[in-house]
Amino acid sequence: MKVYRTDEIRNVVLLGHGGSGKTSLVEAMLYVSGATNRMGKVSDASTVSDFDKEEQKRGFSISTSLIPIEWEKAKINILDTPGYFDFVGEVEEAVSAADAAVIVVSGKAGVQVGTEKAWELCDKYNLPRMVYVTEMDVDDASFRQVVEDLTARYGKKIAPHFQPIRENEKLVGYINVIKNAGRRYTGIGQREECEIPDYCKPNLEILRDSLMEAVAETSEEFMERYFNGEEFSIEEIRAAMRTEVMEGDIVPVAMGSNVQAQGVANLLSDIVRFFPSPDKRKCVGINRTTNDIFEANYDFSKAKTAYVFKTMVDPFIGKYSFIKVCSGVLKGDDILYNADTESEEKPGKLYTMCGNKPSEVSELFAGDIGAIAKLANTRTGDTLSTKANQVSYAKTDYSVPYTYMRYRVKNKGDEDKVSQALARMTAEDVTLRAVNDSENRQTLLYGMGDQHLEITASKLAARYKVEIVLETPKVAFRETIRKNADVDMKYKKQTGGHGQYGHVKMKFEPSGDLDTPYVFEECVVGGAVPKNYFPAVEKGLQESVVKGPLAGYPVVGVKAILYDGSYHPVDSSEMAFKTATAQAFKKGFMEASPVLLEPIASIKVTVPDDYTGDVMGDLNKRRGRVLGMNPIAGGKQVIEADIPMTGLFGYCTTLRSMTGGRGTYSYEFARYEQAPSDVQEKEIASRASEE
């Protein structure tokens, strides 16, 4: 692929609900642009962007893929993203590198929750956008309904500039609203001029009026001409639309059929025509040496900098760091500096990726997207610059994974292989985390949802040939006491020669501090227990609180007072006093009304108003206590509640099914509270069966 200048580049992310047709649209784009000579199908597992075995097996995108397309002397870097919410991290990576978005909507399924989330993401990143309605070749597809739904949600900025011509429920052509001219399809991706059918004219008039009104609002001169009944030229309409699209005041709506590659050429032309090149976008970092702001703004004449927005780790083709060049011109023989890891990197070669196929390029201009292979010390979110001009860009804001499962390695001896494979997968997927929970002797896998974790396990088996089993995790309970106990404990072993003798009298009571395992005090009078044995007594306590007598959980909030005892001048030892203390603790703890404490999380659930009743009802079922609700923008409420950690298992799936995917939640550990007796009994029984 030839080298493109900054003003010839368009970086476009495809967003939309799962199954709306993003991947098949990419196939049609590749075919229409001449990059491929046949269109792949998702159902045949033959598409360029769904190259991963897991994607092919399941029939949907799991990761973002980069597809460069050459069209009308421009290079369009298409970022094809997954539509399912478990893979939102991939979408966030792509959006951070894009300069504009095409929101793909199925003409059959209409506006869905994925469409709304795509719009919200564009708002968050201030991306110019366009809507493309797919499946217009399907019987019950309705372009008019999609336009009406979009207008109801987002207002007058929705501006359809194509209108379908349908005969016998089939898409046979379209009307270009800007040109006021009809086109009839003659073959795959081909068309010819035709008359506008009479039945299309009433709707065309409505569409054209709203488009002209939007154009008129771009300047006072245009407004005057519009009121005087003057016509705008095609060039004037397009120039005005380009301005409005870039500022987000107009969202053009196009349509077509991916399978027939109809409407795709128009979409590619619109991308080149209406969307900004990177030099029209802002990009600001920090100069690490001077702490001054570095205004990169995709200017190819400034010092070289690039942001690593994604990492691909493939067992067969190796590691590739996907970069967006923020300033300067990158060349293969450059020596780059990673200020985040304070290390030098030598790219050697630069690539553009098409799916998982790299093509070498000599240089990448500011604003372009490419890849560098085998960067040893570079991760997603790092900035590459030069040692003389060290720059850092703000890292992408990713969603936090809250769903977690315990995982066990299926085959003994595979532990190292699994941890190495997970290290590679977490380098590739920023929303996947592997955590070692030493307290409960378990390893945890965090992700964006149950499907995310299930696919991770499946990938481990397919890619790295190691198997893990996902299970419900153990919760970190604690043990404490509610009453006082007084214990007299003697540890005595008489054998030939030296024996063992340790005698302690101790009181145990609640300390009131649940953050500290124990408090130790001694008030021994008259040397009944010599001072040199006090550390041994404390050591006995220290070891006892690690695994409590009730159910083997760590102990908190206990005050232990050593007030009396006795010793033997020959047989007493530190070991004897430590053992006596451990036995005293066990007896005293069980006599002082022991209880289990369960961890409580503070949860915030964000849902549209309509779902608040259902969500609060479900939180109550999970033993949650709703504390209040706060309204936020967009007709949503944030429900705040306290909930036991055990009540969070499976919550992600339940919340999504209850709210049609519109609900989100976050939580953090708050405190420990006494567990209800039924929960305590069940937990003690299950721990006993594990031993």
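**Figure 1. Pairing of Tyr132 with strand S11 in the predicted model.** Tyr132 has Ala254 of S11 as its bridge partner. The two strands concerned, S5 (residues 129–134) and S11 (residues 251–255), run parallel and are joined by three bridges. Helix H5 (residues 143–154) packs on the sheet and touches S5 and S11, as well as strand S4 (100–106) and S6. The direction of H5 makes about 160° with that of S6.

**Figure 2. The open seven-stranded sheet.** The strand order is S2-S3-S1-S4-S5-S11-S6, and the pairing is mixed. Strand S2 (65–71) and strand S6 (158–160) form the edges, each pairing on one side only. On average, neighbouring strands are turned by 30° against each other, direction ignored. Helix H3 (residues 88–97) packs on this sheet through contacts with strand S1 (9–16) and strand S3 (74–80). Between the directions of H3 and S1 the angle is about 150°.

**Figure 3. Salt bridge between Lys324 and Asp99.** The structure holds 45 salt bridges; in the one shown here, the side chains of Lys324 and Asp99 meet at 2.8 Å, N to O. Lys324 belongs to strand S15 (residues 318–327) and Asp99 to the loop between H3 and S4, so the contact ties together parts that are 225 residues apart in sequence. Lys324 and Asp99 are both buried.

Figure 4. Arg273, with a relative accessible area of 26%, is partly exposed.

**Figure 5. Salt bridge between Lys410 and Glu467.** The side chains of Lys410 and Glu467 meet at 3.4 Å, N to O. This pair links distant parts of the chain, 57 residues apart. Lys410 sits in the loop between strand S25 (403–409) and helix H10 (415–428). Glu467 sits in the loop between helix H11 (450–464) and strand S28 (468–471). Glu467 counts as partly exposed, at 38% relative accessibility.

**Figure 6. A network of salt bridges.** The residues linked in this network are Glu54, Lys57, Arg58 and Glu454.

Conventions: Residues are numbered from 1 along each chain as its sequence is written. This is a predicted model: local features need pLDDT of at least 70, side-chain atom pairs count only at pLDDT 80 or more; totals for chains, interfaces and linings use all residues. Side-chain values use heavy atoms; hydrogens and water are left out. Two strands pair if DSSP finds at least two bridges between them. Helices (H or I, at least four residues) and strands (E, at least two) are DSSP runs, numbered from the N terminus. Axes are lines fitted to C-alpha atoms, for helices over the stretch in contact, and angles run from 0 to 180 degrees between N-to-C directions. Contact means heavy atoms within 4.5 Å. A salt bridge is a side-chain nitrogen of Lys or Arg within 4 Å of a carboxyl oxygen of Asp or Glu. Buried means under 20% relative accessible area, exposed over 50%, partly exposed in between (1.4 Å probe, protein chains only).
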